[in-house]
Amino acid sequence: MRIARSGSPRPGRRTPGNAESGASRAAGPAHSGKVILKLEDVSKSFGSVVALDGVSFEVFENEKVALVGDNGAGKSTLIKIISGNFPPDRGTICLDGKKVSFRSPVDARRAGIETVYQDLSVCNNLDSISNLFIGRELTRSLLGLQVLRGRQMEETTNAVLRKVGISMPSSRDRMEYLSGGQRQAVALGRFVAWGKRLVLLDEPTAALGVRETRQVLTLIEATARERTSILLISHNLLQVFEVVDRIVVLRHGKVVGVREKKKTTPDEIVGMITGAIFIKARGRKEDPGT
Amino acid sequence: MTLEISPAPATAGAGLPAAGTGRAGLKRAARRLLDNIVWLILVLCVVVFSLTITGFFSWENYVNILYQSVFIAILGIAEAFVLISGNMDLSVESVAAFSAIISVWLCAASPYASGLHMNTWAALAIILALGACVGAFNAFFVLRLKVDSFLVTLSTYIVVRGLAVLITGGMGMNGLPAAFRLVDTVKVLRIPLMVFLMVAFYVFFSFFLRGTRFGRHVYVIGGNKAAAYNFGISVDRVLLGVFVLSSVIAAVTGWFMAARTNGATAGMATGFLFEVLAAVVIGGVSLQGGMGSLIGVFAGALILSSIHSALNITAASPFLTEVMRGLLILVAVVLDALRRMFR
């Protein structure tokens with residue numbers, strides 16, 4: 001197993017699919033070999049609490065990667081860093097080979113990273129149209145006022161909801177009139193509509209029933225078949241194994257293992273999450289180098 | 001992209017029984033009724049009063065009801081913006097009184113005024129600017145120091161009126177220049193200009209709230225602040241705008257109040273706050289934020305005004321008026337609670 005880690009000088013890594021990802025590529029991965037997201041040595045502390053300690057991994061184009069770990073392992077912190085909620089103390093994030101530093105969620109979204117949060121994602125007091133377009137409303141300027149383009153937003157919403165495949169009476173109904181699955185469909189509609197390079201899914205099925213969960217997973221699979229890569233956070237290993245290509249395990253703020261789905265078992269992943277299996281992949285100091 | 005979800009997409013995602021059947025449908029109907037109940041109450045009030053009270057059913061009285069509703073209705077716009085954004089502004093009444101007192105003090109020919117005999121428009125510019133300052137002051141404590149808006153504006157509610165009395169010495173003043181009073185003295189169809197201005201404010205601000213990005217963001221923040229932040233809305237900037245807007249509208253109301261009474265007293269507009277809150281909440285704006293429309297607030301203000309008119313015409317005891325005021329607030333709060341129950 002290899003985690004992209006810099007022991008060797010940088011220049012040799014320009015070409016995608018270079019030596020450092022060789023091991024995973026040899027297994028015949030689902031992705032094209034082009035790195036979309038690359039984290040190197042990302043660290044973050046809150047006061048004396050070290051939330052992330054030298055996290056490095058990468059996500060390839062069209063790849064579905066799961067980020068798993070126990071509560072407090074640092075998953076949420078990492079998602080918040082990637083989605084631009086706050087910067088890391090140390091380390092770099094590269095998107096499409098370019099170093100990025102997001103100062104806000106807007107920056108991340110502009111760069112093509114869309115985030116679907118587990119519960120913070122919909123406004124129940126508004127309709128589907130408003131929800132789909134929160135923070136990115138279509139407007140035209142009229143005497144200095146940003147006037148909403150209602151019809152255009154409604155048409156887009158209806159098209160997106162059709163694509164998501166969940167029917168609802170009207171896109172003008174307030175969310176509070178909709179079922180849990182329909183609400184989550186609107187939240188997921190955002191990544192269908194806007195997810196360009198990478199979609200971060202933070203426990204997208206935590207609040208859903210069996211049937212809605214099934215739909216969400218289908219949607220995730222279908223989306224990644226297109227151009228987008230997915231980083232999924234989930235507690236549910238069954239789901240993880242159903243959907244993703246690769247699994248990154250976090251423990252106490254460190255990456256303790258990265259596994260191809262086909263080459264591992266839920267037992268092994270659980271072992272890594274709980275620390276029963278201790279993997280020597282802790283940081284640079286122990287890295288023998290290449 | 002094609003998704004294979006279920007053979008009949010129409011049933012996909014229908015975790016609940018179809019709308020309109022059984023308990024869910026009943027609940028939905030109850031919600032719709034409660035959201036629009038303000039119109040039912042207004043029509044009921046006007047019809048019942050018109051039929052039972054002699055002198056109520058006349059053009060003069062209807063114009064008077066509109067005229068008497070101006071202050072509460074305009075302050076209602078300010079309060080609605082703040083409540084929909086998930087905050088509260090108790091200072092609107094005092095800001096209105098402050099603006100009235102200070103502008104009269106600057107302009108009037110009264111011996112108790114400043115003696116500056118300031119130009120009307122200069123004085124109005126000053127009170128609007130001071131209004132904006134009060135709004136920014138409120139916003140600073142709410143946004144930077146994270147104090148609850150109820151408590152911050154409770155303090156400005158007391159401080160601002162106190163300041164006005166402190167500056168002017170608290171004496172009643174009158175004798176305003178003609179330009180200052182134009183909003184009251186110019187009449188079309190025997191209706192004072194300020195009534196038309198009130199309607200114009202409602203048209204403009206309804207559009208501003210419903211049809212612009214700023215207004216949409218006010219609803220988003222009131223509904224789910226965390227989502228607003230996550231989706232890149234500059235929450236603090238929008239809320240600063242809301243507080244400043246609220247205080248500036250209140251300052252304009254102060255101008256209208258001074259124009260109508262041709263002067264100002266230390267105690268003017270006392271008690272308006274509760275009438276404004278009653279009108280806004282009866283009108284369908286939720287105290288929890290995120291819900292409501294300005295047109296409902298307008299109807300709420302008209303209800304209050306028609307009840308006052310009815311009490312006036314029947315020469316009811318002023319103490320009965322007080323009792324009615326209190327009861328109206330109770331009605332408003334109960335309606336808000338019912339709406340929440342059916343949500």
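This is a short tour of a predicted model, moving from the chain interface to a domain boundary and then to a helix pair. In this predicted model, local features need pLDDT of at least 70 and side-chain atom pairs count only at pLDDT 80 or more, while totals for chains, interfaces and linings use all residues. Residues are numbered from 1 along each chain as its sequence is written, and chains are lettered from A and ligands numbered from 1 in the order in which they are written.

**Stop 1: chains A and B.** Select both chains. Here 40 residues of chain A are in contact with 31 residues of chain B (contact: C-beta atoms, placed from the backbone, within 7 Å). On chain A, colour α3 (105-110), β8 (145-148), α6 (180-194) and α7 (210-225): each supplies at least two residues of the side that touches chain B (helices are DSSP runs of H or I, at least four residues, and strands of E, at least two, numbered from the N terminus). The most comes from α7(A), with five residues. That side of chain A has 17 nonpolar, 17 polar and six charged residues (Ala, Val, Leu, Ile, Met, Phe, Trp, Tyr, Cys and Pro are nonpolar; Asp, Glu, Lys and Arg charged; the others, Gly among them, polar).

**Stop 2: within chain A.** Select domain 1 (17-112 + 195-282) and domain 2 (125-188) of chain A, with bounds from an automatic or database domain assignment. Nine residues of domain 1 are in contact with seven of domain 2. The domain 1 side has five nonpolar, two polar and two charged residues.

**Stop 3: chain B.** Select α8 (residues 193-211) and α9 (residues 213-223) of chain B, which pack at an angle of about 65 degrees with their axes 5 Å apart (axes are lines fitted to C-alpha atoms over the stretch in contact; angles run from 0 to 180 degrees between N-to-C directions). That makes α8(B) roughly perpendicular to α9(B) (65 to 115 degrees). Show B:Phe208, B:Leu209, B:Arg210 and B:Gly211 of α8(B) against B:Phe214, B:Gly215 and B:Val218 of α9(B).

Note on methods: Contact = placed C-beta atoms within 7 Å. Parallel < 35°, antiparallel > 145°, perpendicular 65-115°, else oblique.
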